[in-house]
Amino acid sequence: MAVTDFFAGEIATELLKQLITISRKSASCRSSAEHLILYMQDLLPIIQEIKLSGNELPQHRQRQLDQFSETLTGGLELANKVLNSPRWNVYRNIQLTRKMEKLEKTVSRFMTGPYQAHVLADVHHVRVDMAERFDGLECRLGAMKIGADGDGGCLGAAVKRVEEEERWCEDNLVNLGGTGLELGKMKVKEMLMKGKESSVVEIHGIGGVGKTTLAREVCKDSEIKSYFNNRVFFLTVSQSPNVEQLRSKIWGMVSGNSIMDNSNRFPQINLQYQVGNSARALLVLDDVWTLSVLEQLLVKIPGCKILVVSRLKFPPSVIDCSYEMNLLTENEAMSLFCHFAFGQTSIPLSADKELVKQVVDECKRLPLALKVIGASLKGQSEMFWTSAKNRLSRGQPLSESHELQLLERMKLSIDNLSEKQRECFLDLGAFPEDKRIPLDILINMWVELHDMYEEEAFAVLVELSDKNLLTLVKDARAGDKYSSYYEISVFQHDVLRDLAIHLCNLEGINQRRRLLMPRREEGLPKEWERNVDEPFNARVISIHTGAMTEMDWLQMDCPKTEVLVLNFSSPEYSLPPFLEKMPKLRALILINYSTSNAVLHNTSIFSHLTNLRSLWFEKISLPILPQTTTPLKSLQKVSLVLCDINKTINHSVIGLPHLFPRLSELTMDHCINLTELPPSICQMQTLTSLSVTNCDSLQKLPSDLEKLCSLQILRLSACPNLKKLPEGSGSLVRLKYLDVSQCVNMGCLPKGIGGCESLEKIDMRECPQIRSLPLSVGLLLSLKRVVCDEEVSLLWKDMEKVRPGLCQVPQECFTLDWLDE
């Protein structure tokens with residue numbers, strides 16, 4: 001049972017109602033019931049916030065909540081028995097009173113114990129729509145993956161810049177949005193805190209003007225949080241939403257009831273059992289594009305007010321009051337521009353004051369344009385500035401629309417990029433708006449398309465981040481020498497994505513280097529269908545649809561396509577037949593955005609992908625591969641994220657070395673039904689990196705793991721049912737990094753681990769069952785860092801005498817600060 005299934009369902013809410021009734025009617029159980037009511041009232045708002053993050057918890061933590069779920073299910077049955085027990089049955093009532101006291105103690109232990117803190121910490125690490133803090137950057141980045149110096153290298157510098165800018169924006173609200181933003185915040189607050197009980201308020205304005213910034217500042221305001229009892233929910237709708245999923249999510253957020261009926265209406269339930277004004281809530285719908293979508297998302301719940309953020313001004317029939325986001329004043333525009341161009345809020349004495357003013361004027365007081373263009377001119381010569389001013393002044397759009405003006409002016413920042421940087425920026429248009437892009441996907445894509453090494457691709461990423469053309473977002477654990485790219489994500493402002501697509505679409509459809517669908521549609525665009533008689537010369541094709549059968553696809557000829565991105569939202573999906581006509585395809589990315597794993601059809605098409613080098617599957621139910629499958633001789637990287645791995649695969653006789661003779665990196669994260677790895681995996685002599693993380697069902701590894709003679713990275717993080725490593729893993733002579741963090745039931749390291757003569761780092765944090773170390777750890781002469789909890793660090797004290805600073809005890813970050821955002 002998922003955490004949202006439990007807490008958003010009726011178990012907790014029904015129990016709360018029953019407890020309130022018991023406290024009124026049963027004298028013997030009143031004390032226990034009242035204590036339980038307090039616990040539940042404290043717990044439910046926090047879980048509402050966890051639900052708002054939209055993330056699944058790590059599975060071993062999920063298991064703890066499932067156990068607590070069973071406790072409360074039993075509590076609900078017990079409460080019914082208490083209410084139905086007749087007063088004359090004294091003996092039975094005494095028994096029920098004792099059981100109620102026992103239930104109270106069980107819930108108390110859960111509430112006061114470590115579980116809640118652990119859950120909140122994990123959500124803090126993976127939450128959606130958050131610009132995570134980049135605290136705790138570990139040692140340095142290695143040349144093997146990212147390349148760095150002792151201070152974090154290029155990533156460290158990019159991280160610091162993002163951190164400083166975020167801090168500056170928080171501390172200088174007036175400089176960011178000036179009195180206009182402060183005034184807007186005051187007016188929107190007034191609209192929300194006054195007026196009728198269930199009013200709808202809107203913030204509208206052009207793209208890049210700061211609407212979302214204003215909405216987030218309103219959400220963080222202490223008066224707003226107090227007025228709405230900390231029940232403030234933020235949801236991004238985007239240009240191509242799945243309305244039914246959003247409706248279900250909204251209902252779960254606001255009402256605490258995730259059950260939706262099959263009609264087109266929100267179910268109406270009585271929320272009056274909640275005490276006082278606890279039903280009062282604020283729902284923010286950000287980035288709403290159409291009236292029809294908005295009308296379907298307007299939920300009618302007593303006390304719930306809605307704040308809509310949109311580029312459009314919606315009619316009074318759906319909006320009670322609205323606030324138009326204005327452009328910055330001249331002084332505000334100058335301060336913002338100077339911050340990103342010079343690192344201060346005014347024009348330096350050494351700069352040409354008139355020239356700077358002319359450039360700022362050309363940005364038309366648009367915050368995003370000021371930020372991006374200012375960053376692109378930072379450190380450039382006066383001649384370069386003059387050229388930029390002239391190009392800005394010539395960028396006259398076809399109409400006076402601010403949207404077009406913004407795109408035209410933003411184009412300057414792209415023109416100033418190197419050819420490879422520009423091409424990499426344009427590739428970002430291949431991914432859906434308002435979605436984070438795993439860095440692993442992006443790096444692989446750039447390596448295949450632009451003939452780069454990984455180090456060069458990462459350097460390009462940092463350059464784009466420094467120019468504010470994208471934002472790096474990463475898990476707090478990521479960023480060190482052995483970081484995996486899927487721990488780091490890229491986020492791009494939707495206006496910058498619009499710019500990338502706008503520039504990609506300047507050529508004729510058959511001649512475009514990137515064939516991109518800007519938003520989700522039911523099928524392929526009509527424009528593509530009209531041009532299907534000629535070959536499509538795109539090197540990158542990105543498709544975003546719902547369910548697709550084999551008959552829904554066009555017969556497209558794509559002789560030059562090297563990267564295909566299939567974004568979809570459906571439990572059933574047929575791979576496109578035109579994959580046969582992609583002889584140069586090198587990277588295939590399938591990302592399913594639906595709530596359930598998708599079953600793939602037409603998988604036999606893989607036998608034609610002879611040049612495929614990289615494969616990314618996300619939220620897919622993997623098919624059973626027949627023994628006759630044609631080997632994918634070029635495939636080097638496979639990433640399986642949130643995939644359902646059929647149990648029969650675990651016991652199959654599939655010859656993985658035969659299917660993937662050149663595979664070097666295999667990643668499996670949050671995979672379902674993975675109880676053990678196929679034994680044939682140990683025959684993959686080319687495998688250098690094996691990551692099996694957050695796999696709750698994994699119980700053991702193959703006994704002959706030492707046959708992976710090329711393995712350098714072994715990640716087994718957050719696999720709670722994995723109790724030990726095979727003894728042979730101590731013979732992995734090339735292994736450099738071992739991660740068994742959060743393997744809560746792992747009892748020890750292999751006795752012969754000293755045989756891993758190349759081992760440089762071990763991550764064993766949150767492994768409470770490890771109480772001793774094998775004597776052979778003294779033979780680990782290459783070991784430079786052990787990340788562990790304070791108790792485990794004492795086990796390494798003898799080695800620390802010889803190697804000071806060997807152990808690193810990470811700081812715990814169990815706070816609720818992220819709820820404010």
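Biologist: Does Asp287 count as buried or exposed?

Modeller: Buried means under 20% relative accessible area, exposed over 50% and partly exposed in between, using a 1.4 Å probe and protein chains only. This is a predicted model, where local features need pLDDT of at least 70, side-chain atom pairs count only at pLDDT 80 or more, and totals for chains, interfaces and linings use all residues. Residues are numbered from 1 along each chain as its sequence is written, and side-chain values use heavy atoms, leaving out hydrogens and water. Asp287 has a relative accessibility of 8%, so it counts as buried.

Biologist: In which strand is the place of Asp287?

Modeller: Asp287 is not a glycine, yet its phi is positive, near 60 degrees. Strands are DSSP runs of E with at least two residues; helices are runs of H or I with at least four, and both are numbered from the N terminus. Asp287 lies within residues 281-288, which form strand β3.

Biologist: What is the strand order in the open sheet of 5 strands?

Modeller: Two strands pair if DSSP finds at least two bridges between them. The pairing in this open sheet is parallel, and the order is β2-β3-β4-β1-β5.

Biologist: Which strands stand at the edges, each with a single partner strand?

Modeller: An edge strand has one partner, so one of its sides lacks a neighbour in the sheet. That applies to β2 (232-236) and β5 (321-324).

Biologist: Which residue in β4 stands opposite Glu202?

Modeller: β1 (residues 200-204) and β4 (residues 304-310) run parallel and share 5 bridges. Across this pair, the residue opposite Glu202 is Val308.

Biologist: How many residues of strand β18 are buried?

Modeller: In a regular strand, side chains alternate between the two faces of the sheet. For β18, one side carries Glu665, Thr667 and Asp669, the other Leu666 and Met668, and all are buried. Strand β18 (residues 665-669) is therefore largely enclosed by the rest of the structure, and the count is 5 of the 5.

Biologist: Which residue in β19 stands opposite Glu665?

Modeller: β18 is joined by 5 bridges to β17 (residues 637-641), in parallel. There, Val641 is opposite Asp669. Another 5 parallel bridges join β18 to β19 (residues 689-693). Opposite Glu665 is Ser689.

Biologist: What is the relative accessible area of Ala718?

Modeller: Ala718 sits in the loop between β20 (713-715) and β21 (737-739). Its phi is positive, near 55 degrees, and it is not a glycine. Ala718 counts as buried because its relative accessible area is 1%.

Biologist: With which side chain does the side chain of Ser594 make a polar contact?

Modeller: Ser594 lies in the loop between β13 (587-592) and β14 (598-601), and is buried at 6% relative accessibility. A polar contact is a pair of N or O atoms within 3.5 Å; within protein, one must be able to donate a hydrogen and the other to accept it, and residues adjacent in sequence count only if both atoms are side-chain atoms. At 2.9 Å, the partner is Asn592.

Biologist: Across the protein, what share of contacts between residues at least 6 apart in sequence joins residues at least 24 apart?

Modeller: The protein has 26 helices and 24 strands. Buried residues are 57% of its 821. Contact means heavy atoms within 4.5 Å. Of the contacts between residues at least 6 apart, the share joining residues at least 24 apart is 67%.
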